[in-house]
Every structure is written in structure tokens, then in C-alpha cells.
Amino acid sequence: MVGLFKALGDENRLRIMNILMHSEPCVCELEVVLDLSQSNASRHLAKLKQEGLIESYKDGQWTHYRLSDSFRQVHARLAGYLEERF
């Protein structure tokens with residue numbers, strides 16, 4: 001549980017979570033929207049993925065990100081709270 005809240009304890013990762021609640025962008029789209037470098041965006045995505053909050057899938061050469069189904073199920077109240085507060 002500590003890892004979960006550490007992952008959510010960063011402003012950029014919260015901003016990413018907000019976007020992923022409404023869309024399934026690729027890292028290049030997140031870079032532009034959040035004004036982050038590719039390496040910085042990828043580092044934040046890796047941390048969220050490591051904690052099981054998000055998942056990725058390939059579409060041709062692009063990797064898209066979305067909230068993981070397991071996060072939505074296991075932490076439904078937290079996901080609902082975040083969506084409400086965003």
C-alpha cells in the first residue's frame with residue numbers, strides 16, 4: 001500500500017492519472033499535454049505501471065496507456081475518489 005501512495009504522491013503522476021481516466025494516450029501525447037520530456041514522462045509512467053495503476057498496449061509502433069482494470073476493481077473507492085476530485 002505504501003508503494004501505491006508513493007506513486008500517487010507526485011503531481012505529474014496525478015496529472016497523468018487524471019488524463020488516463022478519460023483517454024488512452026501514447027507517451028508522445030502526454031509529453032505535449034503535460035510539457036514533460038520523453039524520459040520524464042516515461043519514468044512517471046513506469047512508476048505507475050510498476051504499482052499496477054496503469055497498463056499499456058501496442059497499436060502498431062505506438063504504446064498507449066490506460067488505467068488498469070485491476071486498479072479500478074481492487075481500489076474502486078480510491079479510483080472513484082480520484083475521478084471525483086480531478
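## Helix α2 and its buried side

In helix α2 (residues 11-20), the buried residues are Asn12, Arg13, Ile16, Met17, Ile19 and Leu20. Because these residues cover an arc of only 160° around the axis, they lie on the same side of α2. Here, buried means under 20% relative accessible area, exposed means over 50%, and partly exposed lies in between (1.4 Å probe, protein chains only). Helices (H or I, at least four residues) and strands (E, at least two) are DSSP runs, numbered from the N terminus. The arc is that of the directions from the helix axis to the C-beta atoms.

This is a predicted model, in which local features need pLDDT of at least 70 and side-chain atom pairs count only at pLDDT 80 or more, while totals for chains, interfaces and linings use all residues. Residues are numbered from 1 along each chain as its sequence is written, and side-chain values use heavy atoms, with hydrogens and water left out.

The buried residues of α2 pack against α1 (2-8), α3 (27-34), α4 (38-50), β1 (54-59), β2 (62-67) and α5 (69-74); contact means heavy atoms within 4.5 Å.

## The crossing of α2 and α4

The axes of α2 and α4 come within 10 Å and cross at roughly 75°. The two helices, α2 and α4, are therefore roughly perpendicular to each other. On the α2 side the contact is made by Asn12, Arg13, Ile16 and Met17, and on the α4 side by His44, Leu45, Lys47 and Leu48. Axes are lines fitted to C-alpha atoms, for helices over the stretch in contact, and angles run from 0 to 180 degrees between N-to-C directions. Angles under 35 degrees count as roughly parallel, over 145 as roughly antiparallel, 65 to 115 as roughly perpendicular and the rest as oblique.

His44 belongs to helix α4 and is buried, with a relative accessible area of 2%. Not counting residues up to four places away in sequence, His44 touches Asp10, Asn12, Arg13, Ile16 and Leu36.

Val27, Leu30 and Leu34 are the buried residues of α3. Seen down the axis of α3, they fall within an arc of 55°, so they line one face of the helix. These buried residues pack against α2, α4 and β2. The face of α3 turned away from its buried side carries the exposed residues Val32 and Val33. Asp35, which follows α3, has a positive phi, near 55°.

Leu67 lies in strand β2 and is buried at 3% relative accessibility.

Leu82 is placed in helix α6 (residues 76-85) and is buried at 8% relative accessibility. Leaving aside neighbours within four places in sequence, Leu82 is in contact with Leu8, Leu14, Met21 and Phe71.
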